[in-house]
Amino acid sequence: MELFLNFFKPLLDKINNSSFFKYIFDKIFMLLSGVSILIPFYLLYMMIEKEIFNAQGKFTITFLLLWLGILLASWLGFQIWWHSRSLINKDDESNDKYITPLFSLLIKTLGEWLGFSIGIVGGWFALIGTLILGDDAGMLIRALGLGSILNVGYSFIIIMPIIGVLIIAAFRFVSELVDSLIKVVISINRIELNTNNKIKEENV
């Protein structure tokens with residue numbers, strides 16, 4: 001009977017003290033770090049399939065220069081996700097009892113990854129695309145399927161990094177709001193605990 005009632009107790013204990021979710025988030029961060037480093041190689045494969053190296057020289061040169069920028073951004077993205085994994089298991093009261101800090105860390109890391117990627121790749125392509133391709137840059141953008149983050153024009157050389165910084169700041173702002181929420185909860189719990197202890201002492 002005891003085995004029937006307590007068979008899943010170890011798993012439930014892990015869920016209650018957040019260690020189960022720490023394990024899941026650790027694997028998610030590891031997966032996303034791997035995805036980040038694989039992106040440029042998938043993009044290279046896709047463009048080889050589209051015969052980018054048989055296109056006009058200016059398109060090939062621009063793509064190779066862009067690919068180097070994407071490779072740099074992906075390497076940075078890999079390190080952002082990988083190093084954030086070390087914060088999942090940090091020794092912290094809120095991180096031991098609540099799942100909220102894990103979502104806060106995910107939001108912050110996602111913002112850094114997106115912000116740096118858009119800022120670096122977008123700004124770099126705006127520079128090389130404007131200088132080398134000019135009005136023909138749209139053809140390469142459509143082939144890459146990155147029309148949402150790639151633009152040409154001297155203004156975008158500055159605008160894209162600014163957008164990247166704003167994305168990082170916005171995600172960090174939301175992350176800090178989530179952190180503040182859990183800190184308020186912890187403070188309230190401490191106040192209630194101290195109040196209950198005082199009441200007990202007075203009744204003794």
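Helices (H or I, at least four residues) and strands (E, at least two) are DSSP runs, numbered from the N terminus. In these terms, the elements of the protein chain run α-α-α-α-α-α-α-α from the N terminus on. The chain holds eight helices and zero strands. The model is predicted: local features need pLDDT of at least 70, side-chain atom pairs count only at pLDDT 80 or more, and totals for chains, interfaces and linings use all residues. Residues are numbered from 1 along each chain as its sequence is written, and side-chain values use heavy atoms, with hydrogens and water left out.

Of the 204 residues in the protein chain, 32% are buried. Buried means under 20% relative accessible area, exposed over 50%, and partly exposed in between (1.4 Å probe, protein chains only). The accessible surface of the chain comes to about 12,700 Å². Carbon and sulfur atoms account for 68% of that surface. Accessible areas come from the Shrake-Rupley method with a 1.4 Å probe; for residues, only the protein chains shown count as cover. Among contacts (heavy atoms within 4.5 Å) between residues at least 6 apart in sequence, 80% join residues at least 24 apart.

Helix packing was examined through axes, which are lines fitted to C-alpha atoms, for helices over the stretch in contact; angles run from 0 to 180 degrees between N-to-C directions. Angles under 35 degrees count as roughly parallel, over 145 as roughly antiparallel, 65 to 115 as roughly perpendicular and the rest as oblique. The axes of H3 and H4 come within 7 Å and cross at roughly 170°. H3 and H4 are therefore roughly antiparallel to each other. Residues making this contact include Phe 29, Ile 37 and Met 47 of H3, and Phe 63, Trp 67 and Trp 82 of H4. H6 and H7 pack at about 135°, with their axes 9 Å apart. This angle makes H6 oblique to H7. Phe 125, Gly 129 and Leu 133 of H6 meet Ala 137, Leu 140 and Ile 141 of H7.

A nonpolar core is a set of buried Ala, Val, Leu, Ile, Met, Phe, Trp, Tyr and Cys residues joined through side-chain atoms within 4.5 Å. The largest such core has 19 residues. Met 47, Phe 63, Leu 66, Phe 125, Leu 140, Leu 144 and Leu 150 have the most contacts inside it. Helices H3 (19–49), H4 (57–84), H6 and H7 (137–144) each give two or more residues to this core. H4 gives the most, with six. Beyond its neighbours within four places in sequence, Leu 150 is in contact with Leu 66, Val 121, Gly 122, Phe 125, Ile 141 and Leu 144.

A second, separate core of seven residues includes Phe 25, Phe 29, Leu 105 and Trp 113. Phe 25 is found in helix H3. At 7% relative accessibility, Phe 25 counts as buried. Not counting residues up to four places away in sequence, Phe 25 touches Ile 88, Ile 99, Leu 102, Phe 103 and Leu 106.

Two polar side chains complete the picture. Ser 117 lies in helix H6 (residues 100–133). A polar atom of the Ser 117 side chain lies 2.7 Å from the backbone oxygen of Trp 113. Lys 50 is found in the loop between H3 and H4. With a relative accessible area of 44%, Lys 50 is partly exposed. A polar atom of the Lys 50 side chain lies 2.5 Å from the backbone oxygen of Ala 143.

How values were computed. Polar contact = N/O pair within 3.5 Å; in protein donor to acceptor, adjacent residues only side chain to side chain.
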